[in-house]
Amino acid sequence: MSDETIRLATIGQVLRRRWRLLAVLTLVGALVGYGASVVLFPPRYTASASVLLPGQWEERELLTQAQVATSSSVVDRAAAELGLKGDAATGLKDKVSAKATNGNIIKISGTAENPERAQELADGMAQQFVGFSARLSGGSTDNGTETGPEALRKKVEATNRRISDLADAADPGRTVEGVQARTSLEKLRASLEEAMKKLDQAETVSSKAGMVVMGKSPRPTGEAPPTRTQLMAGGALLFLVSAVIGHLAAARTNRRLRTEPEIAAALRSELLGTVDVPDEGRAHRPVGPRAAVRRFLGLDTRWDTPAPQRSADEAGRRIRYRRVCARLRNKMPAARRLLLVVPEGDEVAHRAAGQLVAECASDPTANAASRGYPVLRVVEVPIGRPVVPDSGAESGALIVLSAGNWTAAELTGIAEACADGRHEVVGVVVAGAVRARPARSADQPPEKATLALAVRGDATGGPA
């Protein structure tokens, strides 16, 4: 697993190198959201009716009224009024809702498949809620002691008349009858006060129960969330984010070796050098419908590898190859033939191996006293089950590969295959793709070097 921190630059690299793939996945996500809006979330419309509760109400009382507005009693009455039966009447409770808002207002909402039906549901529920509350405020309790405001007023009037009669008949003296009359008056007066309190409470409840529907609910002009547009945007965003996260997770868990020391350690050998191979672009890419789709989506190249850097010209690149050949000769002066092992499918390494073979074959220093560079024979080995030919005329194996394409386990398998063929791994050469510059001869100095020599000659008054 890579220990590198994922930075914004990494996300930018994903967007820059995989923008076609991300665009296609975003379009697919939008289509999935559209399908969900058709199959799972068909268009819905919501209308809301407001009911005003006069008087002073506490917050808990408003919450209670909101629950009453969606109770089974109100919903069943609304279903009967709207002519709903069976499953439609049973499912009505899931289509309506109520909540308390500021200003003692209960907002009752109804949701349906079209604006007209949603308006009917909201208005019907509001009317039934007001009617149900009015019946509750005008009813009697179970013990029958309270019969409503009108009955309480009649009781007060009858009690007042009885008090007046007793007061007229009472003896002003201190007889037993007078005392009994005054006692009866006190009891009646207490009953009158109690009746008056109940009357005041009944009037307060009646004033609170005077709910008013604040007009018809407005007909909805847009879909209720989640709308089709929201589902399409959500699907597109979900697929885009998932694709980016998938790329970052793949890079995070990437076990391919990227640096030369790691590659040399995995092969248990010494790094002899790095060489450059000009990037030929699409010259060697496969053809066919599948390859065309991969090229269009950008899947034919890896996004997490650095972009090819501009290298020296042809002469500068050949110097690198010659240095590798010289190190190889110095390391094994007695070797006449070596096996050049290249992983199968590594196009950059295969081209670098061909260049190494050409440089060793055209050794300008070979003479009778110097045996020159060893002769190289290229062998491609499969990564899954690497097999190297048995040792014959070759005195060892030189492994050429590109960085960032192989794991430590795969490279260890190549090293073990060389050991099974009785080939000692004498070194490792890492090849990298670069952007080529115009070619010049191997003996011609670079342009900047010629310019520097000319400037130096002018400064000293003669040639450098």
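Contact here means heavy atoms within 4.5 Å. The model is predicted, so local features need pLDDT of at least 70 and side-chain atom pairs count only at pLDDT 80 or more, while totals for chains, interfaces and linings use all residues. Residues are numbered from 1 along each chain as its sequence is written, and side-chain values use heavy atoms, without hydrogens or water.

The chain has 15 helices and 9 strands (DSSP runs, numbered from the N terminus: helices H or I of at least four residues, strands E of at least two). Of its 464 residues, 34% are buried (under 20% relative accessible area, 1.4 Å probe, protein chains only; exposed is over 50%). Among contacts between residues at least 6 apart in sequence, 83% join residues at least 24 apart.

In α12 (residues 314-331), R318, Y321, R322, V324 and C325 meet A352, Q355, L356, E359 and C360 of α13 (residues 347-361). The residues of this contact comprise 6 nonpolar, 1 polar and 3 charged (Ala, Val, Leu, Ile, Met, Phe, Trp, Tyr, Cys and Pro are nonpolar; Asp, Glu, Lys and Arg charged; the others, Gly among them, polar). The two axes, lines fitted to C-alpha atoms over the stretch in contact, come within 10 Å and cross at roughly 70°. That makes α12 roughly perpendicular to α13 (65 to 115 degrees, between N-to-C directions). The crossing is right-handed, the near helix being turned clockwise from the far one by less than a right angle.

Helix α3 (residues 59-69) buries L62, Q65, A66 and A69. Down the axis of α3, these residues fall within an arc of 105°, so they line one face (arc of the directions from helix axis to C-beta atoms). Exposed R60 and Q67 sit on the face turned away from the buried side.

How values were computed: Axes fitted to C-alpha atoms, helices over the stretch in contact; angles between N-to-C directions. Parallel < 35°, antiparallel > 145°, perpendicular 65-115°, else oblique.
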